[in-house]
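Here is a briefing on one chain, grouped by topic. Please keep the model open while you read.

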Amino acid sequence: MSASKELLQIVATNAPLLLPTFGYAALWLLVRFIFYVVMRAYWRTKPGGKGLQDIGLQEKVLEESFAIFGSLVAFVLGIQAFQHSDRGGCGLFNTLGCFAGWPNATGPRDNSITLYHNVELGWYLHYLVKHPLGMGMEDNLQMHLHHFSTISLLLISFTLNLYRSGVLVLCLLNLSNPFLHVAKVLHYVEAPADKLAFLLFAIAFFLSRIVAYPLVVLRATLAESWQVHPPFLDPQQHLAVYLAANVLLLLLMVMQVQWFAGIVRLLAKALGGSQDDFKKEGKTHDYAKTKHD
């Protein structure tokens, strides 16, 4: 059997297991709708609420508050999936095992891995349609590119049996997300701890996405992968998979470096400038908007 036919057969076997993705996307939309209704009703009972009388600010707080919930769900499910995906051979310090035996799966796939991919895919699909459906903020082109890249990586990870490395990548990327959304909520409501929360987010982002991501993920996918599995560099076998996955991972690295440059500028304003400077700089790094902005 040719390499392409073998991979197509693997995809055909795995793809039906992702059909619940659409159900999870609908569930995320339903939970978001209920969350928005409840919070807006609550705010209407608090006429003196500082800052939350502004509709645009309400939308931003709603967006980030729901994102806190989503990122925590992803983090918990990701840790569970990671515990069952590596079989002791694929981790932060032993990434050579991430590709051993590929393209075959290493034993029965744990249900936590399937659940994690379905829930995460549902989350990003719901992100693409929430604003057209009248819920949440509108993402800019860069954020849409990020969503499509992540969806593509999730599909490659699961359908091509690359979930050992895929779960490692996604867990690493998700590590700083709760810190970001908490910091943004505190910043929007002008809480006294907003600068501290942003500092914690900057540290988490730097360690996970600027340090660990290239040292662990890119080193593994760009170099170790073909050392363990030489057909990754063979045009007649698995070079297309190698290129597709690494182009997406490198694209995410470029976006992360760009975001971190903005984080450094914002951090400088938070620690050395006035509160007004901090707020003004923060507005330039909002990657989503509402019609009320």
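## Briefing

Leu145 touches Leu251 and Met255, leaving aside residues up to four places away in sequence; contact means heavy atoms within 4.5 Å. This is a predicted model: local features need pLDDT of at least 70, side-chain atom pairs count only at pLDDT 80 or more, and totals for chains, interfaces and linings use all residues. Residues are numbered from 1 along each chain as its sequence is written, and side-chain values use heavy atoms, with hydrogens and water left out.

**Leu145 in context**

- Leu145 sits in helix α5.
- Leu145 is partly exposed, at a relative accessible area of 40%. Buried means under 20% relative accessible area, exposed over 50%, and partly exposed in between (1.4 Å probe, protein chains only).
- Leu145 and Leu252 are 107 residues apart in sequence, yet their C-alpha atoms are 9.3 Å apart in space.

**Overall fold**

- The chain has 10 helices and 2 strands. Helices (H or I, at least four residues) and strands (E, at least two) are DSSP runs, numbered from the N terminus.
- Along the sequence, the pattern reads α-α-α-α-β-α-α-α-α-α-α-β.
- The chain holds 293 residues, and buried residues make up 50% of them.
- Among contacts with a separation of 6 or more, 79% join residues 24 or more positions apart.

**Annotated segments**

- An unreviewed UniProt entry annotates "transmembrane region" over residues 22–43, 64–82, 151–175, 196–219 and 239–261. UniProt positions are given in the numbering used here, feature names are shortened, and annotations may be inferred rather than shown by experiment.
- Residues 64–82 are 100% helix and 0% strand, with the end C-alpha atoms 26 Å apart.
- Residues 239–261 are also 100% helix and 0% strand. Their end C-alpha atoms are 33 Å apart.

**Salt bridges**

- Side chains of opposite charge can pair when their charged atoms come close.
- The count comes to 5 salt bridges. A salt bridge is a side-chain nitrogen of Lys or Arg within 4 Å of a carboxyl oxygen of Asp or Glu.
- Arg40 and Glu59 pair at 2.5 Å, N to O. Arg40 lies in helix α2 (residues 20–44) and Glu59 in helix α3 (residues 55–85), so the bridge ties together parts 19 residues apart in sequence.
- Arg40 is partly exposed, with a relative accessible area of 26%, whereas Glu59 is buried, at 10%.
- Glu63 and Lys130 form a salt bridge at 3.2 Å, N to O. Glu63 is in helix α3 and Lys130 in the loop between α4 and β1 (138–139), so this pair ties together parts 67 residues apart in sequence.
- Glu63 and Lys130 are both buried.
- Lys184 and Glu64 meet in a salt bridge at 3.2 Å, N to O. This pair links distant parts of the chain, with Lys184 in helix α7 (residues 177–188) and Glu64 in helix α3, 120 residues apart.
- Lys184 counts as buried at 19% relative accessibility. Glu64 is buried too, with a relative accessible area of 6%.

**Cavities**

- How many cavities of 30 Å³ or more does a search of the whole structure find? The search finds 3.
- On a 1 Å grid over the protein atoms alone, a cavity is a set of points where a 1.4 Å probe fits but cannot get out; lining residues have an atom within 4 Å of a point. Grid points are joined across faces, edges and corners, and a volume is the space filled by probe spheres set on the points.
- The largest cavity holds about 220 Å³ of space. It has 18 lining residues, and the closest to its centre are Leu162, Ser165, Thr221, Ala245 and Leu249.
- Helices α5 (141–159), α6 (163–174), α8 (194–228) and α9 (239–272) each give two or more residues to that lining. The largest share, 5 residues, comes from α9.
- The lining of the largest cavity has 12 nonpolar, 6 polar and no charged residues. Ala, Val, Leu, Ile, Met, Phe, Trp, Tyr, Cys and Pro count as nonpolar, Asp, Glu, Lys and Arg as charged, and the others, Gly among them, as polar.
- The second largest cavity has a volume of about 50 Å³. Its lining includes Glu120, His146 and Arg209.
- For the second largest cavity, α6 supplies the largest share of the lining, 3 residues. By class, this lining has 3 nonpolar, 4 polar and 2 charged residues.

Terms used:
1 Å grid on protein atoms, 1.4 Å probe; cavity = no way out; pocket = protein on both sides within 12 Å on 5 of 7 lines; lining within 4 Å.
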